[in-house]
Amino acid sequence: MTATRTEPAASRPSGGRGGKPARFVRESISELRKVLWPSRNELVTYSIVVIVFVVIMVSLVAGLDIGFAKLVLAVFG
């Protein structure tokens with residue numbers, strides 16, 4: 001098996017759980033800089049798509065709920 005880390009084993013914290021919070025923050029910021037952020041246009045488009053999809057799904061579930069409620073009332077009511 002080969003190691004996947006790029007840093008030498010001696011520099012890793014040997015205390016098991018924990019580590020240095022400052023290192024975590026530095027590495028998090030470094031990873032966030034690598035992210036390909038969407039443009040404003042893409043963000044608006046994606047948001048509209050998500051909102052439309054959610055409205056459709058809510059309508060579908062509400063319609064099924066009303067339909068099943070009427071069915072139950074017709075059968076047992």
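This is a predicted model: local features need pLDDT of at least 70, side-chain atom pairs count only at pLDDT 80 or more; totals for chains, interfaces and linings use all residues.
Residues are numbered from 1 along each chain as its sequence is written, and side-chain values use heavy atoms, with hydrogens and water left out.

The chain contains 2 helices and 0 strands; helices (H or I, at least four residues) and strands (E, at least two) are DSSP runs numbered from the N terminus. Helix α1 covers residues 21-34, and helix α2 covers residues 40-76. Of the 77 residues in the chain, 0% are buried, where buried means under 20% relative accessible area, exposed means over 50%, and partly exposed lies in between (1.4 Å probe, protein chains only). The chain exposes about 7600 Å², of which carbon and sulfur atoms supply 68%. Accessible areas come from the Shrake-Rupley method with a 1.4 Å probe, and for residues only the protein chains shown count as cover.

Across the whole structure, 2 salt bridges are found, a salt bridge being a side-chain nitrogen of Lys or Arg within 4 Å of a carboxyl oxygen of Asp or Glu. One of them joins R23 to E27, with the closest N and O atoms 2.9 Å apart. These two residues are about one helical turn from each other, because they lie 4 residues apart in helix α1. R23 is partly exposed at a relative accessible area of 22%, and E27 is likewise partly exposed, at 42%.

A salt bridge also links K34 with E31, where the closest N and O atoms are 3.2 Å apart. K34 and E31 are 3 residues apart in helix α1, so about one helical turn separates them. K34 has a relative accessible area of 60% and is therefore exposed, while E31, at 46% relative accessibility, counts as partly exposed.

In helix α2, attention turns to S59. A polar atom of the S59 side chain lies 2.8 Å from the backbone oxygen of V55. A polar contact is a pair of N or O atoms within 3.5 Å; within protein, one must be able to donate a hydrogen and the other to accept it, and residues adjacent in sequence count only if both atoms are side-chain atoms. S59 counts as partly exposed because its relative accessibility is 45%.
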